[in-house]
Amino acid sequence: MTLDASRLAPMANAIRALSMDAVQAANSGHPGMPMGMADVATVLYSQFLKFDPAAPKWPDRDRFVLSAGHGSMLIYSLLQLTGYAAPTMDDIRNFRQLHSPCAGHPESVELDGVECTTGPLGQGLAMAVGMAIAERHLNATFGDGLVDHKTWVIAGDGCLMEGVNHEAIGLAGHLKLGRLNVLWDDNRITIDGDTDLSTSEDIAARYAATGWHVTLCDGHDFADIARALAEAEADPRPSLVACRTVIGNGAPNKQGTHNVHGSPLGADEVAAARAHLGWAAAPFEVPTEILADWRALGAKGAAARGEWEKRIAADPQGKEFARRMAGKLPEMDEANAAFAAWLGQSQKVATRKASELALEVLTAAVPEMVGGSADLTGSNNTKTKATGPFSASDYAGRYLYYGIREFGMAAAMNGMALHGGVIPYGGTFLVFSDYCRNAIRLSALQHQRVVYVLTHDSIGLGEDGPTHQPVEHVMSLRLIPNLYVFRPADVIETAECWNIALQSSETPSVLALTRQNLPQLRSTGEMLSAKGGYRLRGATAARKVVLVATGSEVALACDVRDALEAKGIGADVVSMPCMELFDAQDAAYKADLLPADALLVSIEAGVTWGWQKYVGDGLTIGIDSFGASAPAEILFPHFGFSVEAIVPKIEARLAG
C-alpha cells in the first residue's frame with residue numbers, strides 16, 4: 001500500500017501527537033525519539049512491514065523490534081493506530097501507570113506486537129540478530145512457502161554504542177543475515193547532550209567493516225526513506241539505514257536538543273507543537289480520516305496471512321512446523337528409554353560430560369534444539385553428532401560458533417526463543433556469566449525457554465586460578481526471579497535437569513556443570529530433581545544431622561554422612577540441584593527434608609550467603625573468598641571441603 005506524502009504526513013503526526021500527549025499525561029517518558037522517527041516508522045508500516053493485527057502471532061509475520069525501547073510510545077502508537085486489540089486508547093492515556101500494558105519500556109509479555117522486551121540499550125538489536133538466525137534456520141528447514149519474512153529494527157545512538165552491539169553486528173555480518181535491517185535513528189543526541197560529547201567514531205564504516213550494507217536517508221523525506229528501505233530490503237547483506245532525523249521533530253522550541261530526550265515537553269511546548277503540526281484534535285483523539293488510513297494498513301496483512309494459511313494446510317511439513325512454533329516438544333519415548341538405561345550403569349564423569357551425553361540423546365530427539373558456544377565448544381561439550389554447523393553456506397545447521405561474544409550469544413538466544421520454532425542453548429564458563437547476565441535477566445523477564453550451559457562451576461576447575469573460578473556466581477544467579485539454576489550432582493541428575501529445562505517453556509535455565517569427574521550417586525528412575533531437593537541418603541542411626549549439598553559437593557556430603565554414621569551420629573543427605581524448584585514445594589515436604597530437630601549443614605563450593613534460609617543457625621560450609629591456582633584435588637581440602645575438615649565442625653556444634 002503506497003500513500004503519497006499528503007496522506008503520510010498526518011499519519012506520522014498522529015504518532016507525534018499520541019506520544020507527546022501520553023508522556024505529558026504521565027509527566028514521565030521520552031517523547032523525542034518517537035516524534036523524530038515517526039516519519040520512518042510510517043513508511044516502514046505502510047510500504048514494507050508484513051503484519052496482521054488480527055493475528056499478531058502469525059508465524060510468517062515480519063518481526064519489528066524497537067531496540068531504542070525508551071521511545072516506547074512509538075510502538076504503542078503504532079499498535080493502537082493499526083488496529084491491534086491492545087493497547088486501547090485508555091491504556092495509552094495511562095502510559096507508565098500501574099496496570100497499563102504501556103509500561104515505560106516495551107515488554108513482550110504485556111502486548112502482542114511487542115516482539116521483545118527492550119530498554120537495556122543494544123539488546124533489542126542483538127535479539128533481532130537471533131530472530132534473523134531463527135528465520136534463516138527455519139527457512140532452510142521448511143522452505144519459502146512457510147518461512148519467508150524479515151526482521152526490522154529501530155535503534156538509537158545508544159544501541160549502537162553499547163558493547164553488545166559490536167558483538168551482535170559482527171556475528172550478523174559473518175553469517176550474512178540479509179533479512180535483517182536496522183534503521184538507525186541518527187539524531188546525534190543522547191541524554192547528556194550532543195553525541196560529540198562522547199563519541200567520534202565512524203559508525204557507518206564500522207558496520208561496513210563487519211560485512212553490512214550501509215545506506216543513508218533523510219529521515220523526514222518520505223520518498224527518500226522509502227528508497228533507502230527498498231535498497232536495504234534488496235541487499236543480500238544485513239543492512240544499516242542511517243536515518244538522519246531531528247529528535248523531537250514537530251516541537252518548534254525544543255526539537256533537535258537533548259531537552260526532548262527524556263522529559264515531557266511541557267504544556268506550553270505541547271500546545272506549540274500542535275500549532276506547528278496543524279494538529280487540532282484533542283489529546284488522545286485521532287481524526288477519523290487519519291485513523292482510517294492507519295487501519296487500512298493494518299487490514300492489508302489479512303490477505304497475505306490467508307494465502308500462507310492455505311500453504312501450511314497443504315504442506316506435508318505443516319504440522320511439524322506448527323508443533324515447533326507452538327513450543328510443544330515431540331514424543332520423547334526413545335530419549336526416555338536411553339536415559340533409563342543409564343540407571344543400571346555406574347558412570348563417573350564430569351557433569352559437563354554428562355551434559356554432552358544427555359545432549360547427544362536430546363538433540364537427536366528434539367530437532368528444534370539449536371546449540372552453540374562462545375568459543376569454548378571443546379570445554380562446554382555443547383556440540384553433538386546431530387548438530388552440524390550453522391553458517392552462511394548452510395542455515396540448516398544447528399550449531400552456532402558464536403566466537404568470543406558471551407553477551408551477544410545470550411541476547412541472540414533470547415531472540416531465537418522469542419521468534420519461536422527454536423529451543424536455543426549455549427555454553428560458556430560459569431565465571432563469564434557476568435558478561436551476559438543482563439541478557440540472562442531478560443530471558444527470565446520475557447519467560448523464554450533458553451538454556452545456559454555454564455561449565456567449570458567452582459574451584460574444581462583448578463589451575464586456571466581465581467580469575468576463572470566462580471565463587472559467587474551460582475548464588476548470584478539464584479537471585480534472578482523466574483530462572484532455574486541447576487547444579488546437578490551426577491550423570492543422572494544432569495539428565496533430569498536437562499529434561500526439566502526443556503519442559504519449562506516459560507522459564508530459562510542455567511546448568512552449572514563441573515570440569516572434574518563425579519561418581520554416579522543415583523540408580524532410581526523417579527524424576528527426583530523435579531522437586532528441587534530430595535533425600536538422597538537416609539540416616540541409619542538416630543538422625544541428628546541433615547547435610548544439604550549441590551553439584552560436586554553431594555558426593556562429599558555422602559562421605560561425611562558415612563563418617564558420621566560410623567560414629568553413631570545419624571545423618572541424612574539432601575541433594576538440592578535446584579533451589580527454585582525446592583522453594584515451590586509444599587511446606588510439609590520441605591519440613592520433612594529439613595526438620596527443625598536436626599542440625600542442618602549446607603555444603604557448596606561457593607559463597608555461604610543465602611544458605612541461611614535453609615539451615616537457619618546451622619552450619620554453612622563454603623568459600624567466602626576468591627580461589628587459588630592449583631589442581632582441584634589440592635584446592636578442595638585447602639578450602640575445607642573434606643571429611644576431615646567438616647566432621648569435626650559438626651561434632652563441635654552438636655556438643656554445644
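Me: In β2, what is the bridge partner of V65?

Reply: V153 of β2 is the bridge partner of V65. Helices and strands here are DSSP runs (H or I, at least four residues, for a helix; E, at least two, for a strand), numbered from the N terminus. This is a predicted model, in which local features need pLDDT of at least 70 and side-chain atom pairs pLDDT 80 or more, while totals for chains, interfaces and linings use all residues. Residues are numbered from 1 along each chain as its sequence is written, and side-chain values use heavy atoms, with hydrogens and water left out.

Me: What makes β1 and β2 a pair of strands, and how do they run?

Reply: Two strands pair if DSSP finds at least two bridges between them. Four bridges join β1 (residues 63–66) to β2, and the two run parallel. Strand β2 is also joined to β3 (residues 180–186), by five bridges and again in parallel.

Me: Why is strand β2 called largely enclosed?

Reply: Buried means under 20% relative accessible area, exposed over 50%, and partly exposed in between (1.4 Å probe, protein chains only). Five of the five residues of β2 (residues 151–155) are buried, so the strand is largely enclosed by the rest of the structure. In a regular strand the side chains alternate between the two faces of the sheet. Here both faces are covered: T151, V153 and A155 are buried on one side, W152 and I154 on the other.

Me: Which residues of the largest nonpolar core touch the most other members?

Reply: They are F64, L125, L183 and W294, in a core of 122 residues. A nonpolar core is a set of buried Ala, Val, Leu, Ile, Met, Phe, Trp, Tyr and Cys residues joined through side-chain atoms within 4.5 Å. Helix α1 (residues 5–26) supplies the largest share of this core, 10 residues. A second, separate core has 54 residues, among them V546, V560, A571 and L600.

Me: Which residues does F64 touch, not counting those up to four places away in sequence?

Reply: With contact taken as heavy atoms within 4.5 Å, F64 touches L44, Y45, L49, I75, L78, E115, W152 and I154. Ring pairs also link F64 with Y45, F51 and Y84 into a cluster.

Me: Why is the pair of Y425 and W498 called edge-to-face?

Reply: Rings of Phe, Tyr and Trp (its six-membered ring) pair if their centres lie within 6.5 Å; planes under 30 degrees apart count as stacked, over 60 as edge-to-face and the rest as tilted. The centres of Y425 and W498 are 5.7 Å apart and the planes stand at 85°, so the pair is edge-to-face. Y425 lies in strand β11 (residues 423–429) and W498 in helix α21 (residues 491–503), so parts 73 residues apart in sequence are tied together. Both Y425 and W498 are buried. The whole structure holds 19 aromatic pairs.

Me: How do you know that K531 lies over the face of Y589?

Reply: The rule asks for NZ of Lys or CZ of Arg within 6 Å of the ring centre and within 35 degrees of the ring normal. K531 lies over the face of Y589 at 5.1 Å from the ring centre. The charged end of K383 sits over the ring of Y399 in turn, 5.7 Å from its centre.

Me: What makes R7 and D293 a salt bridge?

Reply: The term requires a side-chain nitrogen of Lys or Arg within 4 Å of a carboxyl oxygen of Asp or Glu. In R7 and D293 the closest N and O atoms are 2.7 Å apart, and the pair forms a salt bridge. R7 lies in helix α1 and D293 in helix α12 (residues 288–299), so the pair ties together parts that are 286 residues apart in sequence. At 35% relative accessibility R7 counts as partly exposed, whereas D293, at 13%, is buried. By this rule the structure has 35 salt bridges.

Me: Why is D572 called buried?

Reply: Its relative accessible area is 3%, so D572 is buried. The salt-bridge partner of D572 is R535, with the closest N and O atoms 3.0 Å apart. At 30% relative accessibility, R535 is partly exposed.
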